Amino acid sequence: MVSNYVLMMFYTMVAGWMLYYCYAMAAGKLDGKDSAQVADYFTGLQDSAGTMTLWMIIVVVLSFGVCSLGVQRGLEKITKVMMICLLALIVVLAVHSLTLDGAMEGVKFYLVPDFAAMAEIGVGNVIFGALSQAFFTLSIGAGSMTIFGSYLGKDRSLLGESLHITILDTFVALMAGLIIIPACFAFGVEPGAGPGLVFITLPNVFNQMTGGKIWGALFFLFMS
């Protein structure tokens, strides 16, 4: 329970960014911006404590509203729809990202191991970084098990559910990498820029797509 409270301090803020970008994409605030201007837009959001606090409060209020409907009638029903839509949209974006100019260099950077770089950084550091990423990304799954665990039928095993979470999480992570890293190379964005990449790289991808405002708004809505 303590870990869930600590995680919520992070996730409510990031979900606020997501909803803000849903609004920004729908309103066309990122239309026509180049890579540098998109990066500056995200920096401007981070510099505005008032804007971030407002959208964090909106997220918390919406979350309480969903939870007030109950786990099955509220949380489960809404999450199912949003997650299925997100998964479909991720696959579409991954395919589109691979068609961008210079995307194959990004795929090579993403999927082909560089053992010389590993040796330079330190194998132990690389393994620690990978384990930290796994811990971070699976924390969402652990939180889901905590929330839904008491509602599972007796015929479902925790081991089976854990395997489903791990497989689905890894699939989403791989697809996210195929969206973001090739697009970084296509648009000249530094691939080591951290968590903000989704708010810097993806708007560039949406700006290249027909109906990009709609695609972008839906993506950030479902991602939240």
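Val91, Val95, Leu168 and Phe171 make up a nonpolar patch on the surface, with about 320 Å² of accessible area together. A patch takes residues with over 30% relative accessible area and no salt bridge, nonpolar side chains being joined within 5 Å; the areas are Shrake-Rupley values with a 1.4 Å probe. Helix H4 (71–98) and helix H8 (158–187) each supply at least two of the patch residues, and Phe171 is in H8. Helices are DSSP runs of H or I, at least four residues, numbered from the N terminus.

This is a predicted model, where local features need pLDDT of at least 70 and side-chain atom pairs pLDDT 80 or more, while totals for chains, interfaces and linings use all residues. Residues are numbered from 1 along each chain, and side-chain values use heavy atoms, without hydrogens or water.

Next, the helix pair. H1 (residues 2–26) and H3 (residues 49–68) pack at about 100°, axes 8 Å apart, the axes being lines fitted to C-alpha atoms over the stretch in contact, with angles from 0 to 180 degrees between N-to-C directions. That makes H1 roughly perpendicular to H3 (65 to 115 degrees).

Last, the structure holds two salt bridges (Lys or Arg side-chain nitrogen within 4 Å of an Asp or Glu carboxyl oxygen). One of them joins Glu76 and Lys80 at 3.6 Å, N to O; both lie in H4, four residues apart, about one turn.

Methods: Parallel < 35°, antiparallel > 145°, perpendicular 65-115°, else oblique. Patch = residues over 30% accessible without salt bridge, like charges linked within 9 Å, V, L, I, M, F, W, Y side chains within 5 Å.
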